[in-house]
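Q: Could you take me through this structure? I have not seen it before.

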Amino acid sequence: MEPSAPSPSNSESDRVPQLPRLPQQAQVAQQSERWTSVTTPPPTSRPNLSPQSSIASTFTFSAASPEIERYETYQGMQYGSQYGYTIPGLGLGIAPPQVTQGHRRLLSQDSVTHTSPRHSLTARTPYQSNYQSNDYLLGDPSPPTQPLQSDYSPYGHQSSPPPPDAPRKRGRWNCGWEWTNSAWIMYGLLVFGIACAASHHVFYNHLAGKPAEDQLRMMRFGTLFAYVTKSSLVSAVVFAHRQQIWSTVRRKSLKLRTIDDLFAAADDLRALASWELVKKARVALALAILVWLYPLTVILTPATLTVAPLTEVEHTLCGSVRTLNFDHERAKNWRDYEKINGYPKLSLSLYNSTLANSLEVRAPFNSTYFDYWTSYSATPELVSRMSTYGNRVVPRENVSAETCGTGWNCSYVLNFVAPGYKCEEIARGRDNRVNFGAMGAPFNTSVLIPDGPNSYFVHATLGDYSPIQIDADIGGVPNMPPPFPKNLGAFRHEPVLWIGYADRSDWSSPPPLNDSFADWNSSFVPVMMKCEHYVTNYTVQFNHTYSDQVTKVLKKTYVRPIVNTTYLPGVDANDGTRDNTTATPESNYVLPLNLGEYRLTGAYRSLGMQMRDFINGSIAYFPGPYASNPKILQTRLIDRTNYLVTQNFMNEVESYYEDMIFSLLSNPQLLVVSWAARPDQSSGIASPAQNTDPNLKYACTKTRTINAYAYNARDLWIVYALAILCATASVFFGALALAENNNYARDTRVSSIIAATRAPGLEDLPWTMSKWGEVPQEIRDTKMGYGMIADDTAANTTTEQLEGQQKPMYGFAPVEVLHTNDGDTTGMSPRDRKGSWITQRVRISRQTL
């Protein structure tokens, strides 16, 4: 019977045609040229749904479009042809363009116009095409004589995935590109991901320790490496996951909702909560979880490169490094006004002459014409005061910038010979039995507290050089005619520093103020020491940190006394001079005519005299305090809170004098300041060219603290090792899944899903008409599998008719009509398996009349 066209009606229900479901096969009758237009009204309210991309929704589209089922048999149609979203049979689905354009076309989201010729609703309208039907026996090793072309499917001429033993052929439009869906892609992605991880390591290792310049750009490059590595590895995992999807559905029957979750697990987090997946698809589920976890590599690996303070060390040469060379004083003649770079050279000492108006005299010194020492010059006095008041070694102006370079710190070690005081303790305690008189000491410990009033007592002038050597006129010219006294101007003895001080028994508690305190006697320990002036060989390390200079004496060797004599107290000289100092042996006196040694000793003496001027004197602690020499309180040797000496006093005395010596380097005009690389050459105030002269550079170690890249290789490889290990395991399971499908790679594209959801049995399920892709709950609970599909049209076909006409169809179907590849059925009872003829023959194409 042919149903009549629907009549117009104002009723909402009458406007929607209620058409029966089209049968699988029918004969088309000749129709008149009468056309009927039917408009589907828009729904009063849209369901609160979002479009579904689940496999069940795909079932909805493809099961409602029987034209797709027949579309496989038309020669000349190619994969990639346009498909339309249409309403065949007033259902919703995907159909070829002939259907959407020639029969039904979509006008809007809510209305459809039916413009096909009037025909019998009990039959499907055939398309005018070169239709051909081919049948072959199941298991026949020979393919059809003329294979059917249906290239809308990714499997070439076959409309559904081929059996494992089917030959593969290249389609017309994908020539040369089938390798993109090859198993080698999975392996290549794994190898490429490992290579990118190694490149990431090489890049970060290259940056490690270098200044953190262009940080944003470098971080972006690191993130790019991490992203490409993650993308490659996760793509390999996704590829393996796809193969496991098809392997799982081939081997096991699952509820449609579970198949939904299986296909959506890699992009829908809710799908991971399926308990049936945990029970029946553990490998596929694990691979899907890995897909969700792999983005962590993009977060964790770039964080292995950070910026941190780094001390950069360079062993190189530094310019403008000075040292001390007192030998330059040996040949200094104050009459020669020498300059370096426009600045005069300065000596440490001042001299008198025995000859008036000797400025222009260049005759050699003799017994009637010579110079003799009179005092230190103003320059060492200035330097010693600066060192004393600053309690440190005075650095040269801009020394760090000139020596180290801008932004750098540096250090270097100098070795030079200079004066130094050698101190030793000779008595300690109140009950000492030292014979101070025999030692030549001018006092004993009784002058110190607790027995005496003084906390500090120093005698530093015994046997000192007399500033007035003879009655003389201006300039030191003697008033007497030659010959002059033989010891005129002689350095007879270098005064010994006799130092007494009250040491404290307990430095952690405040000292008693006077003898009324019970712990007065036990709180102080009188100590006696002496310091002799020596020629000393120093090894000193200079550290320049920013604008600060720190010195450290690495080694010092006392070579000899500056004047190697012993003072004889109470013995008059009576040698015609006003210097009444007598010392023994007299042969060790340093005389003016011994020019070089005399000038050198005079320089040493000038510095020693600066030291003695500051520390000579006493401090009365009780009653008091009172300092006989205010200069004492200007030194760092006295604690100004209680007027007692500082802790470790003997070493402090030596260090205090050394600071004066090293501070000479702060004034390059001094004659003794020389180039460290050329000690025989006085430096003076250097020109910019001299500061950069490679011949004047000296070995140093330059350091600087910079923001540098810090690379944690261990953390990066922990993350990448886990990612690579998981990807390798995933590829292994993907390879196993490929082996189950004869190494034929499968995908989850829409065309593949459509090809796999063409089972006629799917049309018998209770689908609902919904353009939103709604799937009824009872369908979601239907157990399905993937394999050979039994065609429902074969029920009325005899054995003789089916003989030699069958070829296998593969896809999803309820388990009652499904076979596995080995001929066994899935989900069927033993009774059904025994009596089912259709399970032995499968027809994949049907001829339409």
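A: A term comes first: buried means under 20% relative accessible area, exposed means over 50%, and partly exposed lies in between (1.4 Å probe, protein chains only). This is a predicted model, in which local features need pLDDT of at least 70, side-chain atom pairs count only at pLDDT 80 or more, and totals for chains, interfaces and linings use all residues. Residues are numbered from 1 along each chain as its sequence is written, and side-chain values use heavy atoms, with hydrogens and water left out.

Q: How many helices and strands are there in the protein chain?
A: The protein chain has 21 helices and 27 strands. Helices (H or I, at least four residues) and strands (E, at least two) are DSSP runs, numbered from the N terminus.

Q: And what share of the residues is buried?
A: Of the 849 residues in the protein chain, 49% are buried.

Q: Is helix 6 largely enclosed or open?
A: Helix 6 (residues 256-264) is largely enclosed by the rest of the structure, because seven of its nine residues are buried.

Q: Which ones are buried in helix 6?
A: They are Leu256, Thr258, Ile259, Asp260, Leu262, Phe263 and Ala264.

Q: What is Leu262 in contact with?
A: Val249 is one partner; leaving aside neighbours within four places in sequence, Val249 is in contact with Leu262, Gly785, Tyr786 and Phe812. Contact means heavy atoms within 4.5 Å. Val249 belongs to helix 5 and counts as buried because its relative accessibility is 2%.

Q: How far apart are Val249 and Phe812?
A: In sequence they are 563 residues apart, while their C-alpha atoms are 8.6 Å apart in space.

Q: Back to helix 5, then. How does it pack with helix 8?
A: Helix 5 (residues 215-251) and helix 8 (residues 282-293) pack at about 155°, and their axes are 9 Å apart. Axes are lines fitted to C-alpha atoms, for helices over the stretch in contact, and angles run from 0 to 180 degrees between N-to-C directions. The two helices are therefore roughly antiparallel to each other. Angles under 35 degrees count as roughly parallel, over 145 as roughly antiparallel, 65 to 115 as roughly perpendicular and the rest as oblique.

Q: Which residues meet there?
A: From helix 5 come Val234, Val237, Val238, Ala240, His241, Gln244 and Thr248, and from helix 8 come Val283, Ala284, Leu287, Ala288, Leu290 and Val291. By class, this contact of helix 5 with helix 8 has 10 nonpolar, three polar and no charged residues. Ala, Val, Leu, Ile, Met, Phe, Trp, Tyr, Cys and Pro count as nonpolar, Asp, Glu, Lys and Arg as charged, and the others, Gly among them, as polar.

Q: What about helix 4 and helix 5?
A: The axes of helix 4 (residues 183-207) and helix 5 cross at roughly 160° and come within 8 Å. These helices are therefore roughly antiparallel as well. The contact of helix 4 with helix 5 has 21 nonpolar, eight polar and no charged residues.

Q: Changing topic: where is Trp507?
A: Trp507 sits in the loop between strand 14 (497-504) and helix 13 (520-523). Its relative accessibility is 28%, so Trp507 counts as partly exposed.

Q: What does Trp507 have contact with?
A: Leaving aside its neighbours within four places in sequence, Trp507 is in contact with Val645, Thr646 and Gln647. Trp507 and Thr646 are 139 residues apart along the chain, and their C-alpha atoms are separated by 9.8 Å.
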